[in-house]
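Subject: Structure handover and notes

Hi,

Here is the structure I promised to pass on to you. Please have it open while you read the notes below it.

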Amino acid sequence: MPIGQSLHDEGVIDDVQLSTARHRAVETGQSLDEVLVDLGFVDEEEIARKYAELAGCPFVRLVECEIDRTLIRTLPRRALSQKDLLPLVARNGTVVVATA
């Protein structure tokens, strides 16, 4: 489900806001999520939360996480950089990563 419709269905934005944002996105060539934020209808965190939900992934605020710096040093820096990954923790042989 598209992000705009999902936000609408949850009552985060109303009909007028969704319509306004869709028209502005077409006019400017911006993505709908950028327009929703630019118009002040939602904030960036709400968009990030919704994308995580739609992808079936948990949303994590990195400022609330304790990063395992030892774990970062054990993984290939180039791979982490190329894929925009930040390893958070290792659990049961699996590395949990954050990505943008």
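Predicted model: local features only at pLDDT ≥ 70, side-chain atom pairs only at ≥ 80, totals over all residues.

Residues are numbered from 1 along each chain as its sequence is written, and side-chain values use heavy atoms, with hydrogens and water left out.

**The whole chain**

The protein chain has six helices and two strands; helices (H or I, at least four residues) and strands (E, at least two) are DSSP runs numbered from the N terminus. Along the sequence the order is α-α-α-α-α-α-β-β. With a radius of gyration of 17 Å, well over the 13 Å that the globule rule gives for 100 residues, the chain is more spread out than a compact globule. (That radius is taken over C-alpha atoms, and the rule is 2.2 Å times the number of residues to the power 0.38.) The C-alpha trace spans about 50 × 25 × 20 Å along its principal axes.

Of the 100 residues, 21% are buried, where buried means under 20% relative accessible area, exposed over 50%, and partly exposed in between (1.4 Å probe, protein chains only). Among contacts (heavy atoms within 4.5 Å) with a separation of 6 or more, 26% come from residues 24 or more positions apart.

**The largest pocket**

Its volume is about 550 Å³, counted as the space filled by probe spheres set on grid points that are joined across faces, edges and corners. A pocket here is an open set of points on a 1 Å grid over the protein atoms alone, where a 1.4 Å probe fits, with protein on both sides within 12 Å along at least five of seven lines; lining residues have an atom within 4 Å of a point. There are 19 lining residues, and Pro58, Phe59, Val60, Ala98 and Thr99 lie nearest the centre. Helix H4, strand S1 (85-91) and strand S2 (94-99) each supply at least two residues of the lining. By class, the lining has 15 nonpolar, one polar and three charged residues. Nonpolar covers Ala, Val, Leu, Ile, Met, Phe, Trp, Tyr, Cys and Pro; charged covers Asp, Glu, Lys and Arg; the others, Gly among them, are polar.

**Residues in helices**

Is lysine 50 buried or exposed? Lysine 50, in helix H4 (residues 44-55), is buried, at 1% relative accessible area. Its side chain makes a polar contact of 3.1 Å with the side chain of serine 6; such a contact is a pair of N or O atoms within 3.5 Å, one able to donate a hydrogen and the other to accept it, and residues adjacent in sequence count only if both atoms are side-chain atoms. Leaving out residues up to four places away in sequence, lysine 50 touches Ile3, Ser6, Leu7 and Glu10.

Aspartate 9 lies in helix H1 (residues 3-9) and is partly exposed, at 47%. Its side chain has a polar contact of 2.8 Å with that of glutamine 5.

**Two loop residues with positive phi**

Most residues other than glycine have a negative phi. Aspartate 84, in the loop between helix H6 (77-82) and S1, has a positive phi of about 55° and is exposed, at 52%. Asparagine 92, in the loop between S1 and S2, has phi near 50° and is exposed, at 85%.

Best wishes
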